[in-house]
Amino acid sequence: MEMFLRNPRFLGIQFPDVNRPETLEKRYARRMPKLQMHLLKGALVMEPHKRLTARDALRVPWFDGVKLPKSLRPPSQSRVRP
């Protein structure tokens, strides 16, 4: 931390007060739809095994109506229908 504070590039920069953390919900409560918040929170999970994968993220209802490449479509949508 001391090296950071002595670096002239970072002169005047202050870290936010971590004694009162601000949640995503609190910060973006009226600016972000619930589905978008769900997607953002899933992508920002610290533990990799709990984090949304790209494939799972594309299945969030926020992306309904977006045509996915065949390689990302669920098996029920990948089959060619006669």
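These legends go with a set of views of one predicted protein model.

Figure 1. Let's start with the overall picture. The protein has 5 helices and 0 strands, and reading along its sequence gives the pattern α-α-α-α-α. How many of the residues count as buried? Of the 82 residues in the protein, the buried share is 10%. The accessible surface comes to about 7,900 Å², and carbon and sulfur atoms account for 58% of that surface.

**Figure 2. Contacts along the chain.** This view is about which residues touch. Take the contacts between residues at least 6 apart in sequence: 16% of them join residues at least 24 apart.

**Figure 3. Glutamate 25 pairs with lysine 41.** Now we move in to the side chains. Side chains of opposite charge can pair when their charged atoms come close. Here glutamate 25 and lysine 41 form a salt bridge, and their closest N and O atoms are 2.4 Å apart. Which helices does this pair link? Glutamate 25 sits in helix α2 (residues 24-28) and lysine 41 in helix α3 (residues 34-43), so the pair links distant parts of the chain, 16 residues apart.

**Figure 4. Glutamate 47 meets lysine 50.** Look next at another salt bridge, where the side chains of glutamate 47 and lysine 50 meet at 3.1 Å, N to O. Glutamate 47 has a relative accessibility of 38% and counts as partly exposed. Lysine 50 reaches 54%, and because exposed means over 50%, lysine 50 counts as exposed.

**Figure 5. Aspartate 56 and arginine 59 form a salt bridge.** The closest N and O atoms of aspartate 56 and arginine 59 are 3.9 Å apart. Why does this pair count as a salt bridge? The cut-off is within 4 Å, so a pair at 3.9 Å qualifies. Aspartate 56 has a relative accessibility of 35%, which makes it partly exposed. Arginine 59, at 41%, also counts as partly exposed.

**Figure 6. Salt bridges in the structure.** How many salt bridges does the structure hold? The structure holds 4, among them the bridge between glutamate 25 and lysine 41, the bridge between glutamate 47 and lysine 50, and the bridge between aspartate 56 and arginine 59.

Conventions: Residues numbered from 1 in each chain as written. Predicted model: local features only at pLDDT ≥ 70, side-chain atom pairs only at ≥ 80, totals over all residues. Heavy atoms only, no water. Helix = DSSP H or I, 4+ residues; strand = E, 2+ residues; numbered from the N terminus. Buried < 20%, exposed > 50% of the residue type's maximum accessible area, 1.4 Å probe, protein only. Contact = heavy atoms within 4.5 Å. Areas by Shrake-Rupley, 256 points an atom, 1.4 Å probe, with all protein chains shown as cover.
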